[in-house]
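Subject: Structure handover

Hello,

Here is the structure for you to look over. Please open it alongside this message.

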Amino acid sequence: MFPVPAFLQCPNPDMEQFPVIETRDINKTFPGVKALSGIDFTLLPGEIHCIVGENGAGKSTFIKILSGFLRPESGDIVIGEETFRYLSPHLSQEQGIQVIYQESLLVPQMNVVENIYVGREITGKLGFIDRRKALSETRKVIESLGIALDPQAMVENLEVADRQFVKIIKALAMNPRVLIMDEPTAMFNAQDTGVVLKLVEDISKRGISVIFISHRLEEVARVGDRVTVFKDGRTVASHDNPRRNIDLAMITREMVGRSVDAFYKKVKTHPGETILEVQGLKLDKDSPEVNFTLRRGEILGIAGLVGSGRTEIVEALFGAGKKIQGKIIIRGREVTIDRPSDAIRAGLGFITEERQRTGLALGLSVAKNMTIAGLNKFKRAFITPADEIRSAGRYVDDLAIKTPSLQQEVRFLSGGNQQKVVIARWLFRESEILIFDEPTIGIDVNAKAEIYRLMSKLAANGAAIIMISSEMPELIAMSDRVLVIKHGQITTELVGENITEEKIITYAFGVTDDEQTA
Amino acid sequence: MLSVIFGALNPRFLSMRNLLAIFQQIAVLGVATMAMALTLISGGIDLSIGSMIGLSTVIMCRLIMDGTAVPLAILIGAVVPVGCGFLNGVIVAKSKCVPLIVTLGMGYVYYGFALVISGGLFMSMQGQFRTLGRGVIAGIPIPMYVVILMVLGTHVLLKYSKFGRRLVALGGNETVAFLSGIGVDRLKIITYTLGGAIMALASLVLVSRLGNVLANVGEGYELRALAAAIIGGVTFEGGRGNIPGVFLGVGLLGIVQNGLNILQVSSYFQTLALGVIIVAAVVVSNIEKIRQ
Ligand SMILES: Nc1ncnc2c1ncn2[C@@H]1O[C@H](COP(=O)(O)OP(=O)(O)OP(=O)(O)O)[C@@H](O)[C@H]1O
Ligand SMILES: [Mg+2]
């Protein structure tokens, strides 16, 4: 290539490129909600363009307009030379747009390769599916991405993180010009997040433009060439980030409309009496024994790698997973927990990790989802909508859940607001021992701070909290004690000053000699 | 709208007498559809409800023909579908098999019993127990009262009771229901048993009206109840649907059938039309999904 003469060079490198996608004045209204008003947005070739904004700001809605799942009421979508009023999913794919949604769209009963090629199977001469070719192609992609993934594993047996990789590979296999990722790192721990981020950078280096939505502002700062802030369905600002040092406090201010102390810290309380004691809990015959206690006013963090068995332990405690032995003592009395109803009666509440699958009945209303575990709180046999508003309505206010009404179906709420509905369920039930499994997945900075404040308040009022988390800052700021889990075993308990990222990582990996040789 | 069309085609359609006749005809279907709707909304389905009618009514007649006291015969006949529903519920809940297959198979079992008991012959109530199906109070046939009470009862139960909440949650997402402390197996058994109890009422109304029955008397009720429920907005996935809508579905089906009767369309063609309506209803109810 020839060097371009100076006078021909544009001062702003952005100017020399035509946008891949440009939207002008996009508007979208849902019943009771103006989701997007006048969105102008440009995506340049090969750039990583991050979109940030509070829960319900309209990010996913905007994406669904680009992918053709939703039609805007007005506005233009310019792709290359062509201008569209709206797209269809087919048209969008034809234009080289691929989207990785928040929700999983994989077929659990198929293996990785089958999922990647579903709908466009490689066929041989006779029209039969050429499994070997598909497998080798997939292997190649997996290798080129530098990740560890068994192409023949069943998707239902994969960890969330690996499922995410499958989605990414599936999208890349379509040779897209534009890859849109809606909170791709939400369910990842720091280490896997690093892998995804590197993946995203590699992808953009291949000339593919990436739209990247995330609530983790540090990663936005780290990979974004440009950052656009959505607020209440509008774009409020767009910043270049060439030196990867964008001012996050400013971004937060633009998102929320005021400054937010993102580094919330639990108010120290004097832990009260022991409320929960777990003795000799074993999930199966070969698994190690788990012992721990929990006191009122305490937040007990549980750290460990994804797949280290943290969720399984709390599931067993809650009566939702398998266990073969173990004594559970609550408020000084031994209780038998064979199923969740036993646990709930004993005062436990469980905010699960995958809210779409195990947290919410998506087709039911906000009110129904909130009250389902606490129907006995209603004194009378029959429940009227007025009763619901009286009893469940306050949690919409307390947690600032953004919904047009209590009767709205939960599937129409944005991701973060869905999470708040799950939390509200257990507040409504007045559970005293709350298990939060990755409580802030997909939650915006402001709501995060709100949830921390809420947890802190609950603890101060005598509740006890178990918090599984892969987010180090969260674990460190919120926990009174941290149990580190590895292979289903508690490797250490860290208290107070000792709760540091370094220590957690050391014990979570805890490489021992025999494993090094393995 | 349909009524107007049929009314224009044949003025007899809109006569008071005919409207009452429609109600008469849909009474049994209306009650049966409540049973179907409940199981569907809970995330299941009961395809054996037609056979339950056959078994229940055949047993009643058999007992009466053999000289059993009428009240006792009726009581036993009414308990039978409740037992059938319970059995369906237990198998569905404990085996974790697809309810569609389980209840389809159980339907054959019940039908088979009905055939064995009746020997394939007409069974007669011998003129007993006619009031429920044929009586009139204040100028309105009793089956109309039955179906209206049934619809109201089911509506209140589903919309306002705690049981109804749990049932809808079960249909909406079984895992969530389980993790929210709902006894999922028990709830399924109760739902199917309740469906059976509703079918007991349907059987009583029908046998009382007809006076004598064959084992296949309930044939087709499962499919028509399914169609009515789907037309009324219930979905196969469960967790969705409301009883007033379902009742409209029943009414619509009744009007179509009655209209075709009055226009003297042959019963062969009517079968065809019913099939088309069912498939169309299912397809239309799925349009949102197709769009995606
Ligand atoms: N199909 C729908 N019907 C009704 N309202 C909807 C629908 N989809 C989205 N909304 C509403 O539109 C608004 C924007 O939602 P959207 O999902 O785009 O938010 P988001 O920015 O992606 O939030 P999050 O970060 O929580 O994922 C929200 O108030 C949401 O409740
Ligand atoms: Mg979103």
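Below are my notes on the ligand site and then on the contact between the chains. Please keep in mind that this is a predicted model.

**Ligand 1**

There are 20 residues around ligand 1. The nearest are Asn55(A), Gly56(A), Ser60(A), Thr61(A) and His215(A).

Which polar atoms sit by the oxygen atoms of ligand 1?

- Ser60(A) places a polar side-chain atom 2.7 Å from an oxygen atom of ligand 1.
- His215(A) also has a polar side-chain atom 2.7 Å from an oxygen atom of the ligand.
- Gly58(A) uses its backbone: a polar atom there is 2.9 Å from an oxygen atom of ligand 1.

On its own, ligand 1 has 640 Å² of accessible area, and the protein covers 91% of this. Three elements of chain A each give two or more residues to the shell: strand 2 (33-43), helix 1 (59-66) and helix 14 (415-429). Helix 1 of chain A gives the most, with 3 residues.

What is the make-up of the shell by class? It has 11 polar, 6 nonpolar and 3 charged residues.

**Chain B against chain A**

On the chain B side, 22 residues are in contact with chain A; on the chain A side, 36 residues are in contact with chain B. The area buried between the two is about 2,200 Å². Carbon and sulfur atoms give 61% of that area.

Which residues of chain B lose the most area to chain A? They are Lys162(B), Arg165(B) and Leu179(B). Together these account for 32% of what the chain B side buries.

The rule finds 2 salt bridges across it. One of them joins Glu409(A) to Arg240(B), with the closest N and O atoms 3.1 Å apart.

Which elements of chain B give two or more residues to the side that touches chain A? The answer is helix 7 (142-160), helix 8 (162-172) and helix 9 (174-179). Helix 8 of chain B has the largest share, 6 residues. By class, this side of chain B has 8 nonpolar, 8 polar and 6 charged residues.

Then go to the salt bridge of Glu409(A) and Arg240(B).

Best wishes

Definitions and conventions
Residues numbered from 1 in each chain as written. Chains lettered and ligands numbered in written order. Predicted model: local features only at pLDDT ≥ 70, side-chain atom pairs only at ≥ 80, totals over all residues. Heavy atoms only, no water. Near = heavy atom within 4 Å. Polar contact = N/O pair within 3.5 Å; in protein donor to acceptor, adjacent residues only side chain to side chain. Areas by Shrake-Rupley, 256 points an atom, 1.4 Å probe, with all protein chains shown as cover. Helix = DSSP H or I, 4+ residues; strand = E, 2+ residues; numbered from the N terminus. Nonpolar A, V, L, I, M, F, W, Y, C, P; charged D, E, K, R; others polar. Contact = heavy atoms within 4.5 Å. Buried area = accessible area lost by both parts, 1.4 Å probe. Salt bridge = Lys/Arg side-chain N within 4 Å of Asp/Glu carboxyl O.
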